Amino acid sequence: MTASTLPPSGWRQQALLHWRMTRPAFLLVTVSAALVGIASAASCGCGFDLPAALATVLLACVAHAGANVLNDYHDARNGADAANTEGLYPFTGGSRLIQQGQVSEADTRRWAAMLLLLLIPAGLLLAARNGGGGLLLVGAAGLLIAWAYSAPPLKLMSRGLGELAIAAAWWLVVIGADYVQRGQFFLIPASLGFSVATLVACVLLINGVPDAAADSRVGKRTLAVRLGARGAAALYLWLVLLAHGWLALSVWLLIPPLTALWGLLSLPLSLAAAVLFWRHARQPQRLRPAIALTIAAANVHALAMTFPACSSS
């Protein structure tokens, strides 16, 4: 039975299915990144606009969700998810809903389009209320990355540029969240966003290793495919050290406040993940703990910088 011939179900079941298509477990890192930007503005005495903050978090999550659904559609079209029998669900290999026959490719394409197109009027309203032209630039860049990450002709993830695109997207989340509150671009959120974005890129890098064999078979030249498992593990360690080293250096340079050093609480998690990644790089099925630690590190890093900043504002 195909998705198009499935019997109709109630709206609750349909809503749950559409929610699952967004891969909601991964949206927490977007919430965490947005909170960094909001806290950055609040700690500088720029005030706190709760409705605007909630709208910022919601729109960032919708953008992330739309990109996830669009990625599932294109990975179904190119055969990557169908070929992926070695992924570590729910971390890698997509939502698997198309492959399980619960939704069709057409359903997935429509849902991705709805989510991403919703951002245009919502973003315009938020910009008119709080952000102005700068926020429109951030939003347009974010939409471009969400599309270009998996959609042809750019297909950044298939060209080994997925990690760079992801880092740019989450850097923009921090900058944009600060901009909504502050009303202008500022150096501090750009500095804080760099370390957050780098650790989020690490999530994509390690997730690419269990998927590398399937990706290679369908012509997706992801960074994990290009570098190999051990090369990806070496780059992962370098990125972890870069993220935490930059945070320490930026505080020493007096860019963010001293409380930003709480973000270093993620370093033990990142180093533990790096050790496990290197040890099991050639045994992708054993990377689940390292992937979980990587996701935890990105969230801890962001949240550890957020709450001290909020309490000091």
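Is aspartate 49 buried or partly exposed? At 22% relative accessibility, aspartate 49 counts as partly exposed, where buried means under 20% relative accessible area, exposed over 50%, and partly exposed in between (1.4 Å probe, protein chains only).

The model is predicted, so local features need pLDDT of at least 70 and side-chain atom pairs count only at pLDDT 80 or more, whereas totals for chains, interfaces and linings use all residues. Residues are numbered from 1 along each chain as its sequence is written, and side-chain values use heavy atoms, with hydrogens and water left out.

Aspartate 49 also takes part in a salt bridge with arginine 129, at 2.9 Å from N to O; the term denotes a side-chain nitrogen of Lys or Arg within 4 Å of a carboxyl oxygen of Asp or Glu. This pair links distant parts of the chain, since arginine 129 belongs to helix H5 and aspartate 49 to the loop between H2 and H3, 80 residues apart. Helices (H or I, at least four residues) and strands (E, at least two) are DSSP runs, numbered from the N terminus.

The structure holds seven salt bridges. In another of them, the side chains of aspartate 72 and arginine 23 meet at 3.1 Å, N to O. Aspartate 72 lies in helix H3 (residues 50-77) and arginine 23 in the loop between helix H1 (11-21) and helix H2 (28-43), so the pair ties together parts that are 49 residues apart in sequence. Aspartate 72 is buried, with a relative accessible area of 5%, and arginine 23 is buried at 15%.

The closest N and O atoms of aspartate 107 and arginine 110 are 2.6 Å apart, and the two residues stand three places apart in helix H5, about one helical turn.

Helix H5 (residues 105-131) also gives the most to a nonpolar patch, with three residues. The patch on the surface consists of Leu117, Ile120, Leu124 and Leu136, with about 370 Å² of accessible area together. Patches are made of residues with over 30% relative accessible area and no salt bridge: like charges are joined within 9 Å, nonpolar side chains (Val, Leu, Ile, Met, Phe, Trp, Tyr) within 5 Å. Areas come from the Shrake-Rupley method with a 1.4 Å probe, and for residues only the protein chains shown count as cover.

Helix H9 (residues 223-252) has a kink of about 100° centred on alanine 229, the bend being the angle between axes fitted to the seven residues ending there and the seven starting there.

Methods
Expected span 1.5 Å × (residues − 1).
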